[in-house]
Amino acid sequence: MAVKVTQQTVKVPLKPDGSLRVGLVADTHSHPHQDGLRHLAALKPDLIFHCGDIGDLGVLARLAEIAPVHAVRGNIDTRVQELSDVLVLELEQEGQRALTVLLTHIAVAGPRIRADAAKRARAAGASLIICGHSHVPFLTQERGLTLFNPGSIGPRRFTLPILFGVMELSRTGVRLRHVDCETGRDWLP
């Protein structure tokens, strides 16, 4: 039996100057890093996108104290019916689409964008895919699509860093970066 993937589309207005700062988090597993939350709040994001594996839904309420949250269901969130598997976020300026983002939990297979995620992104007109799942911070471009994994802001897995991401949209383009939860500084591999 095939599993039905649920998808919603949400229109997101940009600020009047055409900018938007979004905190990107994934894989909280009920325990977001406390310093990470503090550093995220200090950035004063306009929105937060959670890429799944939320765990306790109280995490979303905590994030909503920082900024409005859009979230998708991860593989550990299977019984959370109020969340979709995929969100298509249409970022708009004065009714004109500035950027379309596909938010999902699983979108990579090794170092490549999964075919199902690429197909969904193209069908939605999205040029950017934001995902979680692997806990591995990742940024790549492949066949006209950009994929960003913010890493995990939850409990450390193996020796991976504890991170969140930031997407800053302006009239001149999009900037994606990782932030170290322990130091609050930009993180590079």
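Contact here means heavy atoms within 4.5 Å. Keep that one handy for the views that follow.

This is a predicted model, where local features need pLDDT of at least 70, side-chain atom pairs count only at pLDDT 80 or more, and totals for chains, interfaces and linings use all residues. Residues are numbered from 1 along each chain as its sequence is written, and side-chain values use heavy atoms, with hydrogens and water left out.

**View 1. Leucine 160 in its loop.** Let's start with leucine 160, which sits in the loop between strand 11 and strand 12. (Strands are DSSP runs of E with at least two residues, helices are runs of H or I with at least four, and both are numbered from the N terminus.) Which residues does leucine 160 contact, leaving aside its neighbours within four places in sequence? They are Ser134, His135 and Val136. Alanine 71 is 89 residues from leucine 160 along the chain, and the C-alpha atoms of the two are separated by 23 Å.

View 2. Is phenylalanine 158 buried or exposed? Its relative accessible area is 72%, so it counts as exposed. (Buried means under 20% relative accessible area, exposed means over 50%, and partly exposed is in between, using a 1.4 Å probe and protein chains only.) Now check the backbone: phi of phenylalanine 158 is near 55 degrees, a positive value in a residue that isn't glycine. Most residues other than glycine have a negative phi.

**View 3. Serine 30, another positive phi.** Look in the loop between strand 2 (20–25) and helix 1 (34–42) and you'll find serine 30. Serine 30 isn't a glycine, yet it has a positive phi of about 75 degrees. With a relative accessible area of 27%, serine 30 is partly exposed.

**View 4. Serine 170 on strand 12.** Serine 170 belongs to strand 12, which covers residues 163–170. Its relative accessibility is 32%, so serine 170 counts as partly exposed. The side chain of serine 170 makes a polar contact with the side chain of threonine 172, at 2.9 Å. (A polar contact is a pair of N or O atoms within 3.5 Å; within protein, one must be able to donate a hydrogen and the other to accept it, and residues adjacent in sequence count only if both atoms are side-chain atoms.) Setting aside neighbours within four places in sequence, serine 170 is in contact with Gly18 and Ser19. Histidine 50 lies 120 residues from serine 170 along the chain, with 21 Å separating their C-alpha atoms.

**View 5. Glutamate 92 and its partners.** Glutamate 92 has a relative accessible area of 16%, so it's buried. What does the side chain of glutamate 92 make a polar contact with? The partner is the side chain of lysine 11, at 3.4 Å. Not counting residues up to four places away in sequence, glutamate 92 touches Lys11, Val12, Pro13, Leu14, Arg97 and Ala98.

**Zooming out. The whole chain.** The chain has three helices and 14 strands. Of its 189 residues, 52% count as buried. Residues 24 or more positions apart account for 57% of the chain's contacts with a separation of 6 or more. Taken along the principal axes, the C-alpha atoms fill a box of roughly 50 × 35 × 30 Å.
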